[in-house]
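Subject: Structure handover

Hello,

Please find the structure below, followed by notes on what was found in it.

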Amino acid sequence: MTLLYKSTRNTDNVVPASQAILQGLATDGGLYVPTELPKLELNFDELAQKSYQEVAYLIMSAFYPDFTEEELRYCIDSAYDTKFDDAAIAPVVKKGNDYYLELFHGSTIAFKDMALSILPYLMTTSAKKNGVDSEIVILTATSGDTGKAAMAGFADVPGTKIIVFYPKDGVSKIQEKQMVTQKGDNTYVVAIDGNFDDAQSMVKSLFNDAALKQALADNGKQFSSANSINIGRLIPQVVYYVYAYAQLVKQGEIKNGEEINVSVPTGNFGNILAGYYAKQLGVPFKQLICASNPNKVLTDFFQTGVYDRNRPFFVTSSPSMDILISSNLERLIFHLTGDDVAQTNELMNQLTSEGKYEITPEMKARLTDFIGDFATEEETKATIEEIYQEAQYVLDPHTAVAASVLAKHKEANTPSLVVSTASPYKFPRVVVEALTQKEATKDDFDLVDELYRLSNVVIPQAVTELLDAPVRHNRVVAVNEMKPCVTEILAIK
Ligand SMILES: *Cc1c(COP(=O)(O)O)cnc(C)c1O
């Protein structure tokens, strides 16, 4: 049997990987999951000798069987190259008693780069394979990070264009500079006189605009989205879990087969779900620790079996985890039901209508792979300070949430791996405040210098090059001008 992808909402919807990547979300509203788990003999003594790219090929060829070797190697080699400032791509380091898997060595110094650097190549290759010759236009609204990571991934990828809208006064100074200096002849960045929700709703309505869709088709173009539910983002994330375990074996830190715990700072449940798939493939993970910030909807879910988004929303120092609907959780729910489409539909419909659902005791009994817990804002800051004192290692606030939660569940004889999702230089204000224990009053760029003086951690090139990068984008439009702006950029009537 070959591995295909089936929707969590409709048993009849089964497609090859390349079509699932092109569609993103299934047309029935469900998420695509593999019809079976690939059978891989993971020999970590052998894997320890392999490069990141070789491990990526092993995992992706198993999950994307309709891609040829040549196609996959082209995608992998185009994605994981010198855009990353470390040849290991995802290095594992030991600091204090724990290990950290650093996923922040790509173009935007955060974990989204791991998947968004390869997604554009997977998409354009999928289009070719399926005889789709239209240009792929990515349209997205961003509150800062994801849009930038998507642009960095799509910049100058043949056969694509990307248009990103961001709220003019709703992003940090560093984020704004990252946006307006974006390189690439196919990238378009537009500031909106409005907030993120305004931009997001208008982008949604443009996606659903039938006349616009037709006009695009008449001009040989089609919209697509790069959001985190695409299996073209999920599967590349399985790779670094396999690679990390192999690196620990290689470094002599663990014995082949020894169980380790993994703590993951979680928002949309994409990163940790990839860890769960890695465990099912045979990576010896004991517990997957799902670490949340005060938006602890997942903590409550793992502890009680009730998912309830009806609660206050907190703006925290780990903004990429400020999420009340973790969209990738639907895949875990589906697996907990024993791949039961009817039951999944029922629970997801309850989430839409009432904002909450409760899983059955049988499903809850299957949650043994996970521990859910959270860190308060105070605990997160204290952890940044503590780890720095103990190990001279500076964590960003997202990683600090995972380290803080890990400390509460640490088992004496089980090695632990913290998944590190951003460079501290991405969030200099919070980090400097944690290290100095007082309010930081300078602007972001001065805080970068201060963080360097405090920590001696090399400033990533992604930050230094911003200082004198030329501004390439200066469009500012009102929300109701977004549609004409898109048609003008794409030169369609
Ligand atoms: C997106 C993000 C997360 C959360 O990852 P999910 O896959 O949404 O759970 C954590 N940390 C950082 C820095 C991120 O950008």
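An oxygen atom of the ligand lies 3.4 Å from an N or O atom in the side chain of serine 320, a polar contact being a pair of N or O atoms within 3.5 Å. Taken alone, the ligand exposes 380 Å², of which the protein buries 95%; accessible areas come from the Shrake-Rupley method with a 1.4 Å probe, and for residues only the protein chains shown count as cover.

Please note that this is a predicted model, in which local features need pLDDT of at least 70 and side-chain atom pairs count only at pLDDT 80 or more, while totals for chains, interfaces and linings use all residues. Residues are numbered from 1 along each chain as its sequence is written, and side-chain values use heavy atoms, with hydrogens and water left out.

To continue with the ligand: 14 residues surround it, the closest being Lys112, Gly267, Asn268, Asn271 and Thr421 (a residue is near a molecule if one of its heavy atoms lies within 4 Å of it). Lysine 112 places a polar side-chain atom 2.6 Å from a ligand oxygen atom. Asparagine 268 has a polar backbone atom 2.7 Å from an oxygen atom of the ligand.

The aromatic residues come next. The whole structure holds 19 aromatic pairs (ring centres of Phe, Tyr and Trp, the last by its six-membered ring, within 6.5 Å; planes under 30 degrees apart are stacked, over 60 edge-to-face, the rest tilted). In one of them, the rings of tyrosine 100 and tyrosine 393 have centres 4.9 Å apart and planes at 55°, so the pair is tilted. Tyrosine 100 is in strand β5 (residues 98–102) and tyrosine 393 in the loop between α17 (377–391) and α18 (397–408), so this pair ties together parts 293 residues apart in sequence. Helices (H or I, at least four residues) and strands (E, at least two) are DSSP runs, numbered from the N terminus. Tyrosine 100 is buried at 1% relative accessibility, and tyrosine 393 is buried at 9% (buried is under 20% relative accessible area, exposed over 50%, partly exposed in between; 1.4 Å probe, protein chains only).

One aromatic cluster is formed by Phe269, Tyr276, Tyr277, Phe301, Phe302, Tyr307, Tyr357 and Phe370.

Two charges sit over rings (NZ of Lys or CZ of Arg within 6 Å of the ring centre and within 35 degrees of the ring normal). Arginine 73 has its charged end over the ring of tyrosine 57, 4.0 Å from the centre. Lysine 408 lies over the face of phenylalanine 374, 5.6 Å from the ring centre.

Regards

Key
Polar contact = N/O pair within 3.5 Å; in protein donor to acceptor, adjacent residues only side chain to side chain.
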